[in-house]
Amino acid sequence: MPSPIEIITAMTEAMAIKDYDAALPWFTDDCEYTNLPMGSVTGPAGVRSVLEPFFAPTIANELRILRSAVDGDTAFVERLDRHLIDTGWVELPVTGLFVFRDGKIAVWREYFDLNTIVRQWPALAAMAG
């Protein structure tokens, strides 16, 4: 069975290239995804409903894992997410918390400063409401 960091890496690499069919099997059917400060959704379809529209206007994405720590079934990952849009690269520092159950992601919480990305990507202000 892959380690938590190997699972996170595989999932984020698939998300970066918008391969949702490869990314979503890493989640439990009842997973909880919280994209703070935006809110929470449940299940792989919920994850997709948040991330697919977010990634839709991107030309390329890099989700760089900078640091990670694992304690039992819980992993923390510090990332630098980079998104290429028509005006250039947008960078967002992100911290993710992952809780695993039976080799899959059962809880995923993302922490970031919304203003950091909105300043670089004004079209997101409309999405953020």
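Q: Which side chain is joined to that of Arg79 by a polar contact of 2.8 Å?
A: This is a predicted model, where local features need pLDDT of at least 70, side-chain atom pairs count only at pLDDT 80 or more, and totals for chains, interfaces and linings use all residues. Residues are numbered from 1 along each chain as its sequence is written, and side-chain values use heavy atoms, leaving out hydrogens and water. A polar contact is a pair of N or O atoms within 3.5 Å; within protein, one must be able to donate a hydrogen and the other to accept it, and residues adjacent in sequence count only if both atoms are side-chain atoms. At 2.8 Å, the partner of Arg79 is Asp81.

Q: With which side chain does Arg79 make a polar contact of 2.5 Å?
A: Arg79 is found in strand β4; strands (E, at least two residues) and helices (H or I, at least four) are DSSP runs numbered from the N terminus. At 2.5 Å, the side chain it meets belongs to Glu110.

Q: Is Arg79 buried or exposed?
A: Buried means under 20% relative accessible area, exposed over 50% and partly exposed in between, using a 1.4 Å probe and protein chains only. Arg79 comes in at 3% relative accessibility, so it counts as buried.

Q: Which backbone oxygen does the side chain of Thr12 reach?
A: Thr12 is buried, with a relative accessible area of 3%. At 3.2 Å, its side chain gets to the backbone oxygen of Thr9.

Q: How many bridges link β4 (residues 74-85) to β5 (residues 88-101)?
A: Two strands pair if DSSP finds at least two bridges between them. β4 and β5 form a hairpin with two residues between them, and Ala75 sits opposite Phe98 in β5. They pair in the antiparallel sense, and the bridge count is 12.

Q: Which residue takes a positive phi in the hairpin of β5 and β6?
A: β5 and β6 (residues 104-111) run antiparallel, joined by seven bridges. Leu97 stands opposite Arg109 in β6. Two residues lie between the strands of this hairpin, and the one with phi near 55° is Asp102.

Q: What radius of gyration does the protein have?
A: The protein's secondary structure is five helices and six strands, and its C-alpha trace spans about 40 × 30 × 25 Å along the principal axes. The radius is taken over C-alpha atoms, and the globule rule is 2.2 Å times the number of residues to the power 0.38. For 129 residues a compact globule would come out near 14 Å, which agrees with the protein's 14 Å.
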